[in-house]
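Dear colleague,

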Amino acid sequence: MINRIIMALAFLALASLIMTSSFAELQRFQHPAKGDGSLSFLVVGDWGRRGFYNQSQVAVQMGKVAEKLDIDFVVSTGDNFYDDGLEGETDPAFEESFTKIYTAKSLQKKWYTVLGNHDYRGDVEAQLSPVLRKIDSRWICLRSFIVNAEFVDFFFVDTTPFVDAYLTDPDHTYNWRGVIPRENYLANLQKDLELGLRESRAKWKIVVGHHGIRSAGHHGDTQDLVDRLLPILKANDVDLYMNGHDHCLEHITSLDSPIQYLTSGGGSKAWGHEFRDYDKDAMKFFYDGQGFMSVYITPTDAKIVVYDVFGQVLHKWSTSKELHSAI
Ligand SMILES: *[C@@H]1O[C@H](CO)[C@@H](O)[C@H](O)[C@H]1NC(C)=O
């Protein structure tokens, strides 16, 4: 009798182990924080244009800020190579738009990178290939993955497959290899993200995707993400959502959750001269031009700074965890 109970319990434990592990499929990377208990990184998006459209100027300023902050890594919010991603693993655009542009010593750190919609118009799998890592070891590009940086957990999410409109886009073809059947892909991704967020014990949770959830730029809010991603972020105490897609720099706050929406899509071509009416209470900052952001974060404080193409500070915002819990 006792033996049977033990066997039944063992079976249940095994079954639950198998069930949880079948959801927890996002690949994880570990990134140590600095000895002083802080972490610094830059955020840039929508950049790969062989240096044109001020990409090189932004890169130079990124190098200076990265040196000053002694950054730990760079986050790229996607649309890595224009116009149509890479043609293959040996496409010279990889070196012409990345390796030969971000040359500062301070930028020779890991680049944690998501894919954008333009990347999906080329050989999307080439950007995920270990061959690129052999050419430039900074390059860490996966569809969706997690970076555990001690007191901060980063969740990188492949947002392009969420956008319904791309399925019927008459002007462009997208490479959906590895994504179809799409509903499976999205359902698994939502499950994996939810589980990863729920299990996270980090002080800060940061989610990175290419498409904006909230944006006052050309594309505006991405309704597919508002419907399918935002509820997961809200339910799991996410602090920051960072994206590109709109070629601007913006900070929108939430009126119904602690989430801050940060668009860093000014890595090259900008000046779209488009700005939508947006809730004045939520809109903290909008700049219709090129630049990038920096984040300095400790277990209790986070500070975000936005820079233009000359390295001038355009906007600063900081928050404190202790402050939040005291309210
Ligand atoms: C480069 O940046 C300057 C300063 O913001 C801007 O005036 C100029 O139009 C930009 N050039 C391009 C091609 O975007």
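Two strands are counted as paired if DSSP finds at least two bridges between them; the strands themselves (E, at least two residues) and the helices (H or I, at least four) are DSSP runs, numbered from the N terminus. On this basis, β10 (residues 249-253) and β11 (residues 260-264) run antiparallel and are joined by 5 bridges. Within this pair, T253 has Q260 of β11 as its bridge partner.

Please note that this is a predicted model, in which local features need pLDDT of at least 70 and side-chain atom pairs count only at pLDDT 80 or more, while totals for chains, interfaces and linings use all residues. Residues are numbered from 1 along each chain as its sequence is written.

Both strands belong to an open sheet of 8 strands with mixed pairing, in the order β1-β6-β7-β8-β9-β11-β10-β12. Because β1 (27-30) and β12 (283-287) stand at the edges with a single partner strand each, one side of each is left without a neighbour in the sheet.

As for the chain as a whole, it contains 9 helices and 15 strands. Its radius of gyration (taken over C-alpha atoms) is 20 Å, close to the 20 Å given for 327 residues by the globule rule (2.2 Å times the number of residues to the power 0.38), so the chain is as compact as a globular protein of that length. The C-alpha atoms fill a box of roughly 75 × 50 × 40 Å, taken along the principal axes.

Yours sincerely
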